[in-house]
Amino acid sequence: VKLQKFVDKLPIPKTISPIKRDKKGSYYEVAMREFTQKLHRDLGPTRLWGYNGMYPGPTFDVMKGETSYVKWMNDLPKKHFLPIDTTIHGAEKTVPQVRTVVHLHGGKQHDHSDGYPDAWFTRNFEQIGPKFQRKVCEYPNLEATTLFYHDHTMGITRLNNYAGLGGFFIIRDEHEQSLNLPVGNYEIPLMIQDRSFNPDGSLFYPATPDKNNHRLPYPSIVTPFDADYILVNGKVSPYLQVEPRKYRFRMLNYCNSRAITLKLDSGQPFYQIGIDRGLLEKPVKMNEILLLTTERADVIIDFSLSYGKTIILKNVFKGASPETTDVMQFRVTTPLKGKDTSSLPDQLTKIDFLTTEMAIKTRDLTLIRVEDGYGRSLNLLDGKMWNDPISEKMDLGTVEIWRLINQTADDHPIHLHVVDMQILERQPFDVAHFQATGKLKFTGPAVPPEPNERGFKDTIRAPTGYVTSFIARFDPFAGLFVWHCHMLEHEDYDMMRPFEIVKKKN
Ligand code: C2O
């Protein structure tokens with residue numbers, strides 16, 4: 001299929017309202033359903049799975065400190081429509097095919113509500129996974145930022161997400177509201193994803209990396225998979241009509257695996273105000289923004305000097321195909337409805353950074369690539385499989401430094417649940433020497449975090465051939481959580497590990 005760009009209007013996902021609200025918080029119910037939806041003018045309706053039958057799912061828009069209770073329900077069919085590799089841990093023939101569990105990405109919540117991969121449930125909760133705890137999840141919404149929720153089921157996360165199970169979750173606070181940033185129609189979330197299609201409009205997801213290799217199981221996982229087209233909020237390269245004024249865009253790379261580098265073809269910069277875990281201290285002017293999957297960039301774009309023009313939001317990531325270089329188009333054609341009174345303050349917030357003296361422990365953790373029994377590549381965290389005993393255990397409230405020693409050929413987006421990650425530095429090392437001796441020999445100076453990484457993150461880029469160091473305080477909740485590469489094709493295939501925050505006894 002060959003699809004024309006900029007023929008569909010950018011959809012803006014609807015905000016969900018609570019069923020009830022009281023002193024304890026707000027209560028919502030969300031059902032995952034199968035439905036069809038048009039993803040491009042020239043594509044037939046596409047079969048999808050979505051929260052409340054929507055793709056993307058409805059946007060939660062809540063205030064900090066107001067607890068949200070969400071009953072997530074699975075009303076999906078019993079059979080999956082994407083190819084399941086039953087050789088992958090957790091996706092064996094013995095478990096039900098269609099399992100779901102929801103994770104609020106970047107949120108700080110108790111482990112019982114964190115969407116542990118083995119806490120899955122099937123239609124009507126008929127069957128549940130070994131770690132299932134509760135039907136209603138509790139989100140305390142501790143900090144203002146752009147989060148999103150998505151499926152996290154063991155062994156099929158890549159497929160459930162690709163089918164459409166994801167949505168925004170925005171938390172606001174009074175401080176941010178006092179900054180007078182663009183709001184209302186001038187504040188728009190952009191969920192950027194890639195998808196491939198069959199000629200009939202159905203989603204294409206590969207069933208094998210190599211159909212001529214008869215040693216492989218069928219279906220067989222493809223690690224990783226980059227799809228053919230870029231969608232924003234569920235439409236292939238859409239357009240948006242804007243007024244000549246400032247807008248705020250909460251941009252999320254939510255491709256299964258693809259990295260993107262955003263750039264405006266008008267040559268104008270983004271004023272980046274926020275990242276994964278909230279506002280930066282000061283806006284930073286960025287000509288290009290690199291986002292690995294699940295990284296967020298909260299930006300202001302000023303269209304005030306562009307009336308009558310069209311501006312393309314490009315993906316200039318190295319090797320992007322012609323189909324995936326144009327993310328969307330802004331048409332600055334709507335007359336100004338009123339004076340733009342919003343501001344872009346010089347100072348946004350004050351961040352309490354962690355310092356290396358606070359750390360009581362440094363862990364060296366390798367990212368390595370090996371071969372599995374079928375000759376497929378298998379990426380591992382510290383050489384361990386998902387099922388190996390827990391090796392990362394720490395007391396609640398302690399600060400640690402983790403050094404990610406990336407010997408693989410990929411840049412991996414490494415995500416830790418529940419905690420805030422602060423990048424310390426990245427330093428290139430001699431991979432061959434390390435593999436031969438187990439000792440680090442640096443080959444260049446340490447590089448400080450980029451100007452738009454100087455705040456807290458929940459996913460950080462660990463480039464190939466570098467040691468990426470970050471510091472984190474392991475709080476605010478004790479319990480069992482996970483850390484993993486967020487390329488979903490890696491995460492599903494053992495590039496995920498549990499970690500446990502232990503409550504100190506005294
Ligand atoms: Cu976005 Cu462990 O997840």
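Reply: Strands first: two of them pair if DSSP finds at least two bridges between them. The elements themselves are DSSP runs numbered from the N terminus, with helices (H or I) needing at least four residues and strands (E) at least two.

Me: And what am I looking at, in terms of where it comes from?

Reply: This is a predicted model, where local features need pLDDT of at least 70 and side-chain atom pairs count only at pLDDT 80 or more, while totals for chains, interfaces and linings use all residues. Residues are numbered from 1 along each chain as its sequence is written, and side-chain values use heavy atoms, with hydrogens and water left out.

Me: OK, sheets. What is the strand order in the one with β14?

Reply: The order is β14-β22-β21-β16-β19, an open sheet of five strands with mixed pairing. The edges belong to β14 (239–241) and β19 (289–291); each has a single partner strand, so one side of each has no neighbour in the sheet. From one strand to the next the twist averages 20 degrees. For such angles, axes are lines fitted to C-alpha atoms (for helices over the stretch in contact), and the angle runs from 0 to 180 degrees between N-to-C directions.

Me: How do β21 and β22 pair?

Reply: Antiparallel, over five bridges, with β21 spanning residues 310–315 and β22 spanning 326–331. Ile312, for instance, has Gln329 in β22 as its bridge partner.

Me: What about the sheet with β4, which strands are in that?

Reply: That open sheet has four strands, running β4-β9-β8-β6, again with mixed pairing. Inside it, β8 (145–151) and β9 (166–172) pair in the antiparallel sense over six bridges, and Thr146 has Ile170 in β9 as its bridge partner.

Me: Switching to the inside. Which residues touch the most others in the largest nonpolar core?

Reply: Phe60, Trp72 and Phe197, out of 52 residues in that core. The largest share, four residues, comes from β2 (25–37). A nonpolar core here is a set of buried Ala, Val, Leu, Ile, Met, Phe, Trp, Tyr and Cys residues joined through side-chain atoms within 4.5 Å. Buried means under 20% relative accessible area, exposed over 50%, and partly exposed in between (1.4 Å probe, protein chains only). Apart from that core lies another one, of 32 residues, including Val232, Leu280, Ile311 and Met328.

Me: Back to Phe60. What is it in contact with?

Reply: Leaving aside neighbours within four places in sequence, Phe60 contacts Ile16, Tyr28, Val30, Val70, Trp72, Tyr149, Phe168, Phe169 and Ile170, where contact means heavy atoms within 4.5 Å. Its relative accessible area is 0%, so Phe60 counts as buried.

Me: Lots of rings there. How many aromatic pairs in total?

Reply: The count is 32. Rings of Phe, Tyr and Trp (its six-membered ring) pair if their centres lie within 6.5 Å; planes under 30 degrees apart are stacked, over 60 edge-to-face, and the rest tilted. One is Tyr28 with Phe60, edge-to-face at 4.9 Å centre to centre and 65 degrees between the planes. Tyr28 sits in β2 and Phe60 in β4, so this pair ties together parts 32 residues apart in sequence. Ring pairs also link Tyr28, Tyr51, Phe60, Trp72, Tyr139, Tyr149 and Phe169 into a cluster.

Me: New topic: Arg258. Buried or exposed?

Reply: Buried, at 9% relative accessible area. Arg258 is in the loop between β15 (246–253) and β16 (260–264).

Me: Which side chain does the Arg258 side chain make a polar contact with?

Reply: That of Asp194, at 2.9 Å. The Arg258 side chain also has a polar atom 2.5 Å from the backbone oxygen of Ala227. A polar contact is a pair of N or O atoms within 3.5 Å; within protein, one must be able to donate a hydrogen and the other to accept it, and residues adjacent in sequence count only if both atoms are side-chain atoms.
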